[in-house]
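Reader: Could you walk me through some of the side-chain pairings here, one at a time?
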Amino acid sequence: MNMQFPDLAGELPGVSIGEDFPDLRDGVRRLCAGFPGEYWRRNEEVSGYPTEFVNALTQAGYLAALIPEEYGGAGLPVRAAGVILEEINAAGCTASQCHAQMYIMGTLLRHGSAAQKAEYLPKIAAGDLRLQAFGVTEPGSGSDTTKLRTRAIRDGDDYVITGQKVWTSRALHSDLMLLLVRTTPRDEIVKKTDGLSVLLVDLTASKGKGMEIRPLKAMVNHNTTEIFFDGLRVPAKNLIGEEGKGFRYILDGMNAERVLVASEAIGDGNWMIRKATAYAKERIVFDRPIGQNQAVQFPIARAYASLQAADMMVRKAAALFDAKRECGADANMAKLLAADAAWEAAEAAMQTFGGFAYATEYDIERKWREIRVGRTAPISVNLILAYIGQHVLGMPRSY
Ligand SMILES: Cc1cc2nc3c(=O)[nH]c(=O)nc-3n(C[C@H](O)[C@H](O)[C@H](O)COP(=O)(O)OP(=O)(O)OC[C@H]3O[C@@H](n4cnc5c(N)ncnc54)[C@H](O)[C@@H]3O)c2cc1C
């Protein structure tokens, strides 16, 4: 039978319980206290980017948590980076406005040349350059990434790029973008995962020279965009790793991404539980706190239990990742369970707040919208279930 259950042999390496990295948590909480709900609401009203917040995180070194010390970062484990993102969201702030830098930097770190790393990583760590944009999704390919069509053709010392990306978040607020492109036509490759390559694009230098970025109005303020390429020239020296192997490079960054995004969901869920619990205790209707009614209390309690379980899965996946052990299944399950638990908490809070959940000043509706994204991006629930079904349980491939 072809079943490859996650690597459970031996002891789990360093899975923490409770408030691990207390100093880190404390520092992030103090920083976030300076960015209350009205900051995020105001920002959303004008579809703005939280520049002050991102600058503060950068200056404090948090966004360089995973960059090795030799390049000016903190060289922390992925669990610590997860704790940072969790605390940001647990404070009511929005980590997704800047989380990409943490995980897409890994592609440059693992597969970039020594010269590329020396050129970019210290500047990213210092905050002189933002690497916040990740161009993978296309309108025509969606979850089926290997069908992407944005084409890069080698011409002398450059690649010439033509095509379109969609949902490229933060592209108007980033200096650099990691871009997945097709360098070999699909009908000339043997394996469908071949023929794709990763380029590091200097967004500032590219604007108006064959690249147009248009804001994409969305339900959440993620500063997301559509990008149109029409003959953009990118120096061939900006190719990361080998031509044609880009899909693999992106894939091997996915586990860190899953763990980090799952950590954010845990923070979001805990924020919702805190708000819902406080409101359930103080809101008096029919002469008693609404939280005295089990129909109000139980959904919050159940969501809390779900979050606790998901949190353990996130910690396990992070511990396996940091111990350099196989963690694909665990990282995917952590992402799935954390996003679902956060959504359960969001729904419980939405219901607990009654009509006031819809009043923007409480931030419930804003967070509720943001939490919902976790069930779709960066990977949808179904695609994770398909991964578990196929790769963990050995059932037939569904696509
Ligand atoms: C706010 C936001 C920010 C984003 N930021 C970025 C970014 O910075 N960079 C980037 O590259 N992308 C980004 N994305 C894109 C995101 O990664 C995709 O939306 C996501 O991967 C799903 O792809 P899709 O929207 O094309 O859905 P589709 O692939 O069209 O899927 C639609 C639905 O069909 C389901 N489905 C499809 N195929 C199957 C199947 N075989 N079995 C079962 N169900 C299936 C999916 O689960 C989904 O529910 C962002 C998206 C959002 C909403």
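Reader: Let's begin with Asp26; is it buried, partly exposed or exposed?

Author: This is a predicted model, and in it Asp26 counts as partly exposed, because its relative accessibility is 36%.

Reader: And which residue does Asp26 form a salt bridge with?

Author: Asp26 pairs with Arg30, the closest N and O atoms being 3.2 Å apart. Both residues lie in helix α1 (residues 22-32), where they are four residues apart, about one turn of the helix. Arg30 is exposed, with a relative accessible area of 60%.

Reader: Moving on, what does Glu44 do?

Author: The side chain of Glu44 meets that of Arg369 in a salt bridge, at 2.9 Å from N to O. Glu44 belongs to helix α2 (residues 37-45) and Arg369 to helix α11 (residues 364-373), so the pair ties together parts that are 325 residues apart in sequence. Arg369 counts as buried at 13% relative accessibility, whereas Glu44, at 21%, counts as partly exposed.

Reader: How many salt bridges does the structure hold?

Author: The structure holds 25 salt bridges. One of them joins Arg258 and Glu257, with the closest N and O atoms 3.3 Å apart, and both of these residues are buried.

Notes
Residues numbered from 1 in each chain as written. Predicted model: local features only at pLDDT ≥ 70, side-chain atom pairs only at ≥ 80, totals over all residues. Heavy atoms only, no water. Salt bridge = Lys/Arg side-chain N within 4 Å of Asp/Glu carboxyl O. Helix = DSSP H or I, 4+ residues; strand = E, 2+ residues; numbered from the N terminus. Buried < 20%, exposed > 50% of the residue type's maximum accessible area, 1.4 Å probe, protein only.
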